[in-house]
Amino acid sequence: MTDWQSAVDEIREREALGRRMGGPEKVARQHANGKLDVRQRIDALLDAGSFRELGTLSGKARYEHGGLREFLPTNFLTGRGRIDGRMVVVGADDFTVRGGASDAFNIRKQIYSEQMANELRVPIVRLVDGTGGGGSIRSLVEMGRTYVPALPGWEVSADNLATVPVVSLALGPCAGFGAARVVASHYSVMVRGISQIFTAGPPLVAAIGETVTKDELGGVDVHGRNGTVDAVVDSEAEAFECTRRFLSYLPSSVHDLPPRAEPTDDPDRRDDWLVRAIPVERRRVYKIRPIIESIVDTGSFFELGARFGRALVTGLARLDGWPVAVMANDPYIYGGSWGADAADKAVRFVDLADTFHLPVVHLVDNPGFLIGTEAEKSSAIRHGMRALSAVYQARVPWCSIILRKVFGVGGAGHSNAARLQYRYAWPSADWGSIPAEGGVEAAYRAELEASDDPAALMADIMARIADVQGVIKTAEAFDIEQLIDPRDTRPLLCEFADLVAPLRTPGRVAWGLRP
């Protein structure tokens with residue numbers, strides 16, 4: 001032997017065996033179930049030819065007579081690659097090997113992938129298609145003992161939420177630790193027809209008397225609406241495209257700043273229809289998404305969590321090429337009032353913006369926290385105050401545009417009043433401690449009850465209130481910084497984005513996003 005070629009040949013042979021995944025039969029079954037195999041997924045996600053796999057030889061080998069007889073790779077692939085030219089780490093389950101369930105080799109590679117993203121300061125994309133975290137009962141028999149459950153390496157995964165963008169795609173049944181890996185992310189996606197998420201699957205749930213299918217227990221119609229995931233899409237290809245788009249707004253880590261895209265839209269564009277966007281009749285609602293689309297760079301709005309907490313619309317967008325975080329009330333849902341779900345959505349979104357140094361644009365039409373018996377049962381006020389605390393704790397630049405209602409404690413939290421108010425209001429704005437329609441009877445109850453003509457007195461009171469309600473008088477007292485023509489909103493917001501871009505500060509915030 002004069003060189004190491006035979007050893008190199010053995011490495012190549014084992015790598016070839018690893019590329020067979022769980023074998024032709026199980027790979028065919030994966031495809032028959034409408035799912036890509038793990039290597040197809042990585043190829044579809046990353047820039048062509050950019051994947052640098054690590055741990056290619058890890059797996060279980062069986063030897064006979066001193067030679068390799070059989071080799072089964074671990075069911076977790078990891079490595080580095082590029083998305084739109086930018087380095088990322090990929091950690092991907094292989095369902096064709098033991099249903100993607102964790103084993104000792106698997107968990108070490110998972111931890112390695114998380115550490116790699118953390119120390120290289122690059123995003124991590126998890127392709128989750130696994131039936132659990134600790135293996136099956138069969139694996140305990142093979143191990144010869146049970147063990148006290150632990151989450152090795154979770155300290156790194158938790159730290160990643162404060163350090164690098166984390167994307168998790170649920171691409172099959174995700175149970176136990178698999179489900180945990182999906183939700184502990186900044187952006188998570190399910191694919192209709194192939195994805196389910198549950199703490200425990202139907203066989204275990206049957207033990208508590210529930211007989212359900214996987215989709216009834218944890219399908220997209222369950223978790224797409226309750227905030228467990230941020231998006232539901234119709235294909236794996238769409239999930240990969242959403243991943244690319246989400247990451248395009250964010251820096252590679254908190255130690256960088258969000259990248260500016262080449263501007264493609266006129267920052268001085270003024271859409272004339274905005275002057276008619278808010279109905280003059282105060283009880284009429286309007287659609288908020290066209291307003292968002294009008295004021296941000298054309299085609300740049302990327303909505304997050306559209307099916308959960310629907311009174312609040314959140315998403316990423318660009319202003320003159322600069323990435324920003326946009327949040328807005330939707331008057332079609334509870335009049336835009338924040339209930340428990342909308343408040344939780346606000347906390348998560350503001351934490352995301354603060355973690356990755358995204359200036360916030362808040363389009364405000366908030367009549368306050370949600371009221372009524374159901375709101376009280378859900379503790380809307382507690383969730384709401386948590387959201388207001390997130391707003392006040394955020395340190396990123398913040399601009400509020402008051403479109404219509406700002407009332408009560410909920411409305412008061414549209415921005416941090418202790419900071420410089422970069423704030424504008426449309427002529428349609430309407431504000432106060434509580435709406436006049438609901439507050440008059442409470443404030444003047446004694447007078448109305450004692451009056452010989454309550455209707456006439458009510459009309460007189462309403463006339464007096466109308467006299468003090470106008471936005472002009474608020475502006476006279478400099479209680480609002482500037483009233484604007486709605487058509488000037490985009491130019492002013494682009495000016496804001498340009499102005500605050502140098503003020504963004506890279507580095508870690510006090511905490512990152514909490515799942």
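Visitor: What ground rules apply before I look at any residue?

Guide: The model is predicted, with local features needing pLDDT of at least 70 and side-chain atom pairs counting only at pLDDT 80 or more, while totals for chains, interfaces and linings use all residues. Residues are numbered from 1 along each chain as its sequence is written, and side-chain values use heavy atoms, with hydrogens and water left out.

Visitor: How many aromatic pairs does a search of the whole structure find?

Guide: Rings of Phe, Tyr and Trp (its six-membered ring) pair if their centres lie within 6.5 Å; planes under 30 degrees apart count as stacked, over 60 as edge-to-face and the rest as tilted. The search turns up six such pairs here. Take Tyr187 and Phe246: their ring centres are 4.6 Å apart and their planes at 15 degrees, so this pair is stacked.

Visitor: Which parts of the chain does that pair link?

Guide: For the labels, helices (H or I, at least four residues) and strands (E, at least two) are DSSP runs, numbered from the N terminus. Tyr187 belongs to strand β9 (residues 187–191) and Phe246 to helix α11 (residues 236–248), so these are distant parts of the chain, 59 residues apart.

Visitor: Is Tyr187 buried or exposed?

Guide: Buried means under 20% relative accessible area, exposed over 50%, and partly exposed in between (1.4 Å probe, protein chains only). Tyr187 comes out at 1%, so it is buried, and Phe246 is buried too, at 0%. Tyr187 also pairs with Phe302: centres 5.8 Å apart, planes at 55 degrees, hence tilted. Phe302 lies in strand β12 (residues 302–304), so the Tyr187 pair ties together parts 115 residues apart in sequence. With 7% relative accessibility, Phe302 is buried.

Visitor: What sits over the ring of Phe95?

Guide: A charge sits over a ring if NZ of Lys or CZ of Arg is within 6 Å of the ring centre and within 35 degrees of the ring normal. Here the charged end of Lys35 does so, 4.2 Å from the centre of the Phe95 ring.

Visitor: Back to α11: at what angle do α3 and α11 pack?

Guide: Axes are lines fitted to C-alpha atoms, for helices over the stretch in contact, and angles run from 0 to 180 degrees between N-to-C directions. Helix α3 (residues 38–45) packs on α11 at about 40 degrees, with the axes 10 Å apart. Angles under 35 degrees count as roughly parallel, over 145 as roughly antiparallel, 65 to 115 as roughly perpendicular and the rest as oblique. That makes α3 and α11 oblique to each other.

Visitor: Which residues in α3 and α11 meet?

Guide: Contact means heavy atoms within 4.5 Å. Arg41, Ala44 and Leu45 of α3 meet Glu236, Phe240, Thr243 and Arg244 of α11.

Visitor: Are His357 and Phe478 buried or exposed?

Guide: His357 is buried at 5% relative accessibility, whereas Phe478 is exposed at 57%.
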